Amino acid sequence: MKFLFVVQGEGREHCSQALALEEILLRNGHDVVEILVGKSSYKPLPGFFNRDVQSPVKWFLSPNILPAPGKSWWYMSKKMFLSVLDIPEYVRSMRYIYQRIVNSEADMVLNFYEPLSGLLYGFMPQSIPSVCIGHEYLYLNRELALDINSPYKLSFLRFLTSVTCMGSSKCLGLSVEEVPDDWGNRIAVVPPLLRQEIMSLQPEKAEKGDFVHGYLGRNNQIRPLMEFHTRHPEIPMHLFRKKRDAIQTCEIDKSLFLHQFDEINYLNYLAECKISVNTGSYESICETMYLGKPFIIMPGNIIQKCNAFLAACAGGGTIAVGNTHEPLLYLKNSEVQHQNFVKWVNKSEQIILQELEEVRSPKKAFSFNR
């Protein structure tokens with residue numbers, strides 16, 4: 001089969017998932033004719049994506065619909081409202097997506113949480129079927145209870161997610177554990193998509209990596225870890241951050257290091273660490289669980305809170321209460337086994353290929369030119 005990808009390009013998750021599925025499809029004799037990436041004009045694509053992608057890539061202007069950590073709900077609402085001013089640009093992007101789909105002669109479009117592709121299929125159904133892939137589609141699963149103390153934010157997240165999958169034939173909800181499908185909402189639950197780069201890593205023995213690993217995107221998340229280090233300087237820490245013009249590695253003292261985020265170094269340190277601390281991004285959770293590491297989650301936005309809740313339910317991590325990191329003392333000496341998760345992830349190729357092969361194309365196409 002010939003596939004065309006449409007990818008929401010903000011953050012690591014969907015770009016990483018697209019790369020993982022590209023690897024699977026090419027390995028099984030399929031063809032990815034083109035990858036269209038929706039991104040804002042000011043934010044570059046992740047470096048690993050540009051390095052590892054094998055298919056032709058084109059990008060288009062798309063709204064950033066992901067809630068920003070540390071920003072108030074009023075701020076996000078204002079941002080969404082201001083995005084309305086860019087509607088003419090987004091319409092041009094939808095026309096571009098439509099033309100690329102027609103010219104590609106693809107058999108199927110795979111949408112990685114891109115809202116403009118959802119709107120295109122919702123208002124102007126195409127003859128080429130669309131399948132949506134992402135961990136957010138699990139939040140639409142009525143068979144899954146999300147005990148999140150943010151009902152309005154969760155409702156808004158579900159609304160945004162439903163926009164991205166308008167007109168789709170099926171949604172593949174990536175899940176850290178097996179849960180029931182929701183065929184009423186066209187949701188099939190499938191294992192996470194991890195790149196071979198992660199799956200080939202072999203965690204070092206504990207005595208070779210007796211340190212805390214962390215990636216936290218905001219200063220108010222790094223600060224509590226710095227305070228923890230002040231109280232427990234005997235525990236080595238390697239923390240990753242994204243900061244413009246920062247040096248590659250800043251040695252604060254003999255046991256505390258701040259690293260500029262780099263995909264390869266980040267994963268290598270993760271494979272060797274004793275325990276990890278992260279924000280609850282889906283990719284970080286899955287990578288940490290696959291490598292069998294105990295971890296603490298400090299979620300910053302509603303998506304990360306949902307990820308954290310589901311990971312904790314699957315026995316994959318501990319959610320920090322407030323900004324306390326005292327559980328690090330307990331977890332540092334604990335052993336965590338994720339064999340069931342690893343077995344589940346290793347089934348992803350078989351299950352996802354089967355789900356894609358079951359999709360048919362019953363819809364009649366409409367044209368932007370009409």
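Residues are numbered from 1 along each chain as its sequence is written, and side-chain values use heavy atoms, with hydrogens and water left out. Because the model is predicted, local features need pLDDT of at least 70 and side-chain atom pairs count only at pLDDT 80 or more, while totals for chains, interfaces and linings use all residues.

**Around Leu-21**

Leu-21 sits in helix 1 (residues 13-27). Helices (H or I, at least four residues) and strands (E, at least two) are DSSP runs, numbered from the N terminus. Leu-21 is buried, at a relative accessible area of 0%. Here buried means under 20% relative accessible area, exposed over 50%, and partly exposed in between (1.4 Å probe, protein chains only).

Which residues does Leu-21 touch, not counting residues up to four places away in sequence? They are Phe-5, Leu-110, Phe-112, Ile-133, Leu-193 and Ile-352. Contact means heavy atoms within 4.5 Å. Leu-193 is 172 residues from Leu-21 along the chain, yet their C-alpha atoms are separated by 6.9 Å.

**Aromatic rings**

Rings of Phe, Tyr and Trp (its six-membered ring) pair if their centres lie within 6.5 Å; planes under 30 degrees apart count as stacked, over 60 as edge-to-face and the rest as tilted. The count comes to 9 aromatic pairs. Two of them are set out below.

| Pair | Centre to centre | Angle between planes | Type |
|---|---|---|---|
| Phe-5 and Phe-112 | 5.1 Å | 55 degrees | tilted |
| Phe-211 and Tyr-269 | 5.9 Å | 80 degrees | edge-to-face |

Phe-5 belongs to strand 1 (residues 2-8) and Phe-112 to strand 4 (residues 108-112), so their pair ties together parts 107 residues apart in sequence. Phe-5 is buried, with a relative accessible area of 0%. Phe-112 is buried too, at 0%.

Phe-211 lies in the loop between helix 7 and strand 8 (212-215), and Tyr-269 in helix 9 (residues 263-272), so this pair links parts 58 residues apart in sequence. Phe-211 counts as buried at 8% relative accessibility. Tyr-269 counts as partly exposed at 23%.

The rule asks for NZ of Lys or CZ of Arg within 6 Å of the ring centre and within 35 degrees of the ring normal. Lys-39 lies over the face of Trp-59, 4.1 Å from the ring centre. Arg-195 lies over the face of Phe-48, at 4.2 Å.

**Helix 13**

Helix 13 (residues 339-346) has Phe-341, Trp-344 and Val-345 buried. Seen down the axis, these buried residues fall within an arc of 95 degrees, so they line one face of the helix. That arc is taken from the directions from the helix axis to the C-beta atoms. The face turned away carries the exposed residues Asn-340 and Lys-343. What covers the buried residues includes strand 7 (187-190), helix 7 (196-199), helix 10 (282-290) and helix 14 (348-357).

**Cavities**

A cavity is a set of points on a 1 Å grid over the protein atoms alone where a 1.4 Å probe fits but cannot get out; lining residues have an atom within 4 Å of a point. Grid points are joined across faces, edges and corners, and a volume is the space filled by probe spheres set on the points.

The structure holds 2 cavities of 30 Å³ or more.

Key. On a 1 Å grid over the protein atoms alone, a cavity is a set of points where a 1.4 Å probe fits but cannot get out, and a pocket is an open set with protein on both sides within 12 Å along at least five of seven lines; lining residues have an atom within 4 Å of a point.
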